[in-house]
2 protein chains.
Amino acid sequence: MEKWDVVVIGGGVGGCTAAMYAVRYGMKAAIVEMLLPGGQIATATTVENYPGFPEGIEGPELARRVHEQALAFGVEVISAEATEIAAGPEGKWLVKTSNGDIETVAAIIATGAYPRSLQVPGEKELRGHGVSYCATCDGFFYRGQTVAVAGGGNAAAEEALYLAHIAEKVYVIHRRDELRADKYLQKRLFEAKNIEILWNSVVAAIEGDGEVERLQLRNTQTEELSYIEVQGIFVAIGYIAKTEWLAELLELTDGFIVTDRLMRTNQAGIMACGDIRNTPLRQIATAVGDAAIAAFSAHKYVSEWRAERQPGQ
Amino acid sequence: MEKWDVVVIGGGVGGCTAAMYAVRYGMKAAIVEMLLPGGQIATATTVENYPGFPEGIEGPELARRVHEQALAFGVEVISAEATEIAAGPEGKWLVKTSNGDIETVAAIIATGAYPRSLQVPGEKELRGHGVSYCATCDGFFYRGQTVAVAGGGNAAAEEALYLAHIAEKVYVIHRRDELRADKYLQKRLFEAKNIEILWNSVVAAIEGDGEVERLQLRNTQTEELSYIEVQGIFVAIGYIAKTEWLAELLELTDGFIVTDRLMRTNQAGIMACGDIRNTPLRQIATAVGDAAIAAFSAHKYVSEWRAERQPGQ
């Protein structure tokens, strides 16, 4: 069994950055990645707000570049699905995978998070053609048009207010008769002239010929169906992180891994970074920042582990 | 007097990123920059560890790109030196500058930090030709050579241990007879076969014909002078942030601005990000992550301010 100083779980931009920094700190580092490297961003369209690319960069191209950079530094990639992290020999960790166990002193979890989807007809088919999960990313395409936001929390309110600057009309579709968003956001929503809140409503279907043209709504109290015409629908009903497999080991909050400012979890030697942790903001810029700090903390941990257990090395 | 939602002080990569995100959040944002945009990185040589550039990128080129990106988003640049931040009308802030006062709801401070220099003959002249302030950045150039690290704290110890993997021989030059570095780092330093600590010593001069060839050392107890031959000298005696002008307004620690995880200072509406704050790591990757979060917090603050003071807007 090959032995590592640090194993990074997840090969997205955050994971590749953490592994690259780990090698740069003089550690032997591998990435465990289930699918192709790249992570969520590999499916994104143009990324406009990652600093360094004034003309924007395609998501898959950015993912490819960061992966190539990690390989150039000497990071190794193990194609496997991590299924458990357990205590190993000598105070190390065992990362159990679909392709055997991996022994490592430290681990960094960087498997990201995904926007929760509505799970309605048309959503998958029209994704990227009027169905979006990020107003800050895609809002500019809807200048002067009519759009809808699904959701009632802070994220939905923020998206709606943001879109109100750009679109001509913004519907907010919310399943209950009051919002969960903070009061000051609610106040601004209510006061905005071009925002209309459709209470007690959910999206039943997204329809259109190759691009979004209308939404079928269902009233949650009367079950009545109705239609609104929109060119875009922004889904803002939260993020999901795949953390069930870690729930017994790590402290979670709302399904996200709790870390301190050094990206350390409640288990010594296990760090988490990027969208999977309890971060205030899920952006590529924040993922790379987190990742560098996670590697820094892993290096400190591995150095201490070595000083305690392997005198003379 | 022009009025802004958010004014970012400092036009380096962090400042430009914060301003770009601020505009992206729908705010009217300006950067106040004393010199040319770019910040510290504009003087760096090749940057290898910023994710997205597998072949590395020249510091000034990265600075130029991020600045261009901010301008493309609609950020305005004000050429002036910020000299004071004071309470303004309606709960706003007044940023006083060499070019007049600027009224803003929120401010983000991103003026960075600089490695402390030795202030000895030859240091300035041979910077980039054997004199370095970052082993992680420049260490690879010294494979198989002899180098020195000046300093006795954690940073110096980390730099020396890192260089010990690459260089043939590493001197650590420390002015006292014991190190300030953590015990586990000291242990590893003492055990490394190719690290030699020169106690009670300071660098008196850096000498060489176009590149570093030798150091003149002075013994702090006997005042005796001596020479060692090295190809590189890494200065690791800490960072300096220019925060005197903020000392009465903001909470500082060791001269750096104290922030919470949302990059908020102790003054509502004033954020700080990047190297100038009490961050565990000073890297471009961490600066851009901080910057995005600072803009996020500024947006929240400006939204609340507006909801309270300007009903209907």
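## Lining of the largest cavity

By class, five nonpolar, four polar and two charged residues make up the lining of the largest cavity, where Ala, Val, Leu, Ile, Met, Phe, Trp, Tyr, Cys and Pro count as nonpolar, Asp, Glu, Lys and Arg as charged, and the others, Gly among them, as polar. This is a predicted model, in which local features need pLDDT of at least 70 and side-chain atom pairs count only at pLDDT 80 or more, while totals for chains, interfaces and linings use all residues. Residues are numbered from 1 along each chain as its sequence is written, chains are lettered from A in the order in which they are written, and side-chain values use heavy atoms, with hydrogens and water left out.

The structure holds one cavity of 30 Å³ or more, and the volume of the largest cavity is about 80 Å³. A cavity is a set of points, on a 1 Å grid over the protein atoms alone, where a 1.4 Å probe fits but cannot get out, and lining residues have an atom within 4 Å of a point; the volume is the space filled by probe spheres set on the points, which are joined across faces, edges and corners. Chain A lines the largest cavity with residues including A:Tyr162 and A:Arg188, and chain B with residues including B:Tyr25, B:His299 and B:Arg306. Helix H4 (154–164) of chain A and H6 of chain B each supply at least two lining residues, and the largest share, four residues, comes from H6(B); helices here are DSSP runs (H or I, at least four residues) and strands likewise (E, at least two), numbered from the N terminus.

## Interface of chains A and B

The contact (heavy atoms within 4.5 Å) takes 56 residues from chain A and 55 residues from chain B. About 5100 Å² is buried between the two chains, with carbon and sulfur atoms giving 55%; buried area is the accessible area (1.4 Å probe) lost when two parts are put together, summed over both.

Four salt bridges cross the interface, a salt bridge being a side-chain nitrogen of Lys or Arg within 4 Å of a carboxyl oxygen of Asp or Glu. B:Arg24 forms a salt bridge with A:Glu48, with the closest N and O atoms 2.7 Å apart. Among the elements that give two or more residues to the side of chain B that touches chain A are helix H1 (13–24) and helix H6 (284–309) of chain B, and H6(B) gives the most, with 13 residues.

Conventions: 1 Å grid on protein atoms, 1.4 Å probe; cavity = no way out; pocket = protein on both sides within 12 Å on 5 of 7 lines; lining within 4 Å.
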